[in-house]
Amino acid sequence: GTKAMAEPLAENAMALALSGHVLAAGPMLWLKYGPKYAFAAISGFLSIDIEPLFPALSLQPLTVSHAAELIYHSCQALSRVKKSVSLQNKHELFSDNNSLM
């Protein structure tokens with residue numbers, strides 16, 4: 001029998017694939033591989049069985065793996081930037097308070 005992905009899972013995976021962190025993964029993911037690879041990689045991150053996606057979407061397993069790496073590194077980089085900005089804002093906050101005294 002055919003194993004289909006449940007529609008709510010597919011919609012959730014697609015919404016995440018089109019979110020900021022994944023879009024920020026850059027042109028290699030979006031222009032070279034395309035949305036089907038982003039979708040498959042995100043599905044894998046969500047612990048969805050992606051095996052049926054390979055033949056259904058004509059995907060290459062190594063390319064899905066590389067797409068997942070690009071997304072992972074994008075999330076890591078954005079997380080570091082967010083922490084850096086947060087620390088910088090806290091520092092500025094404290095330095096502003098010091099200058100008021």
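This is a predicted model: local features need pLDDT of at least 70, side-chain atom pairs count only at pLDDT 80 or more; totals for chains, interfaces and linings use all residues.
**Exercise 1.** Find which residues Ser74 contacts, leaving aside neighbours within four places in sequence, and what lies 2.6 Å from a polar atom of its side chain.

Solution. 
Step 1. With those neighbours set aside, the contacts of Ser74 are His21, Ala24 and Ala25.
Step 2. For His21, the backbone oxygen is 2.6 Å from a polar side-chain atom of Ser74. A polar contact requires N or O atoms within 3.5 Å.

**Exercise 2.** Describe the largest nonpolar core: which members touch the most others, and which helix gives the most residues?

Solution. 
Step 1. The core has 22 residues, and those touching the most other members are Val22, Leu29, Leu59, Val64 and Ile71.
Step 2. At least two residues come from each of α1 (7-17), α3 (27-33), α4 (35-45), α5 (53-56) and α6.
Step 3. The most come from α4, with 6 residues.

**Exercise 3.** List the residues that Leu59 touches, not counting those up to four places away in sequence, then the buried residues of α4.

Solution. 
Step 1. Leu59 touches Lys36, Tyr37, Ala40, Leu53, Phe54 and Val64 on that count.
Step 2. Buried in α4 are Tyr37, Ala38, Phe39, Ala40, Ala41, Ile42 and Ser43.
Step 3. After α4 comes Ser47, with a positive phi near 60°.

Technical notes: Residues are numbered from 1 along each chain as its sequence is written. Side-chain values use heavy atoms; hydrogens and water are left out. A polar contact is a pair of N or O atoms within 3.5 Å; within protein, one must be able to donate a hydrogen and the other to accept it, and residues adjacent in sequence count only if both atoms are side-chain atoms. Contact means heavy atoms within 4.5 Å. A nonpolar core is a set of buried Ala, Val, Leu, Ile, Met, Phe, Trp, Tyr and Cys residues joined through side-chain atoms within 4.5 Å. Buried means under 20% relative accessible area, exposed over 50%, partly exposed in between (1.4 Å probe, protein chains only). Helices (H or I, at least four residues) and strands (E, at least two) are DSSP runs, numbered from the N terminus.
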